[in-house]
Amino acid sequence: MSWRSRLWWGAALTVAALGAAYTFLMPDRFFFGFVGYASCPGRELFDEQGYGLRIAASYFPPLWYAGAPAVFLGFAAHWLGTRLGRPRIGRVTARVAAGTVLVVYGAGPLAFLVDVAIDRSCVSGWGGPEGVAFFLDWTVAPTLAALCVLAAVRRPRHRLRALLRALLRALLRARWLRRTAAGGVVLAALALVPVADLAAGPIAELRCEGGHPLDTPLRTGRTAFMCGARMSGRFPTMPDHLLLAYGRRQCAAYPRSAEHMSFLAPICPPAAADLRRENAVERDAYARREAVGQAVCDRARHRPRIRPVRVGRVREFSEIGMEAYEDHQDTSQEDPVLHGDLVGSVPGRLAISFAPEYEVCVTAEAYRRRPPVEVKGWDKVIEVGYRSPGGDLRLRDPMDAPELPNLAVAGKGHYRVRVHYREAGTFQHLLIMVYPGRGDQVTVLKGG
């Protein structure tokens, strides 16, 4: 191995090691800025083709850490081939390693140089200096290292010229190659026509469905990604093809991307797998919390002393309590006054209040006659009168869906409503007894 080759190998190994260290220590960053739409074919090809190359490289360990393993493998092959008297095998192996690194990591810098050579305004198409640094800084070291490897294994100039001349003469004699080259030029021109289009690009109208990610299957595909990105409100004017390319670049960098897994999941299988696992954990935790809460309510279930006509049970977590409102012409428009900060009523409206910090186990019982008074174990027991103008007394959280059954078992008319309340740790318990009876007086049986 000559001194020239050793110097180039030293430079290649040093640059590869620095690139690997930078990639390993590179902090999480975010950049978003797409301005200007000049004729920038390099940027378009980098968006469309670079994604697939980076995904393929993620499955090939020698290309990890800015291609440093491939450079070291090339050096080992070249050194070993020279020592064993097989320099050609070592040179070929090193060139293959360097070429692979160049294909994966050199496409970005090459695309940028092509764009700048065509139109300097393409710098803005890459996001300005900040965008160029964001997209390409991690590709500089592996590109330089691969070029140093090619220089280290370069054959003497006179031999290289003779080899190229012989290869050129052989190619020029091949008629099939001339025909293939002509067809390739035409196809390349046709392929670059849409890339060189100066239009910003369309923004398609989408029909997007809502829903909580824990309640619905994870939607995947281009449409699902576009819906999620558009509904976030962050990309109102970005064309569809640029938005899709941005998502693919972020997927290639996942899990060190600047976007959350939920944003990338529709078009990024690794992010989708992580999101499914996270959702499964959240569903399991939610189910456990629900089971614990229901067990607490079940253990405290009321045992009535006389048989009620109708019973309803719900678990509530409300900031405004519960209310019954009858849509009737005789319903009062006044707000009920709460007695003991617990219960109040006006004709057609019944309001019950409790602490918004804790969950509450609610039991409601409707009777034909007055039930026995129960005050033991309760913090407050207050009874009020209520007049039902339509015979439809249904208590519910005005901001939520669950509601209790109709407690006006005798139809419209006068009722007495007895409300029991207590706190037990992080839970509240509420027992509501409703039975026909006249009188608007408020009776405080306990607390209040």
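## Disulfides in the predicted model

The structure holds two disulfides. The model is a predicted one. In general terms, a disulfide is a covalent bond that connects the sulfur atoms of two cysteines.

Cys251 belongs to helix H11 (residues 240–253), while Cys268 sits in the loop between helix H12 (261–264) and helix H13 (269–299), so the bond ties together parts that are 17 residues apart in sequence. The torsion about the S-S bond of this pair is about 80°, and the disulfide is therefore right-handed. Cys251 and Cys268 are both buried.

Another disulfide joins Cys297 to Cys361, with an S to S distance of 1.9 Å. This pair links distant parts of the chain: Cys297 lies in helix H13 and Cys361 in strand S5 (residues 359–366), 64 residues apart. Here the torsion about the S-S bond is about -75°, so the disulfide of Cys297 and Cys361 is left-handed. Cys297 and Cys361 are buried as well.

The table sets out the values for each pair.

| Pair | S to S distance | S-S torsion |
|---|---|---|
| Cys297 and Cys361 | 1.9 Å | about -75° |

## A further cysteine

Is Cys148 buried or exposed? Its relative accessible area is 11%. Buried means under 20% relative accessible area, so Cys148 counts as buried.

Definitions and conventions:
Residues numbered from 1 in each chain as written. Predicted model: local features only at pLDDT ≥ 70, side-chain atom pairs only at ≥ 80, totals over all residues. Heavy atoms only, no water. Disulfide = S-S within 2.5 Å. Helix = DSSP H or I, 4+ residues; strand = E, 2+ residues; numbered from the N terminus. Buried < 20%, exposed > 50% of the residue type's maximum accessible area, 1.4 Å probe, protein only.
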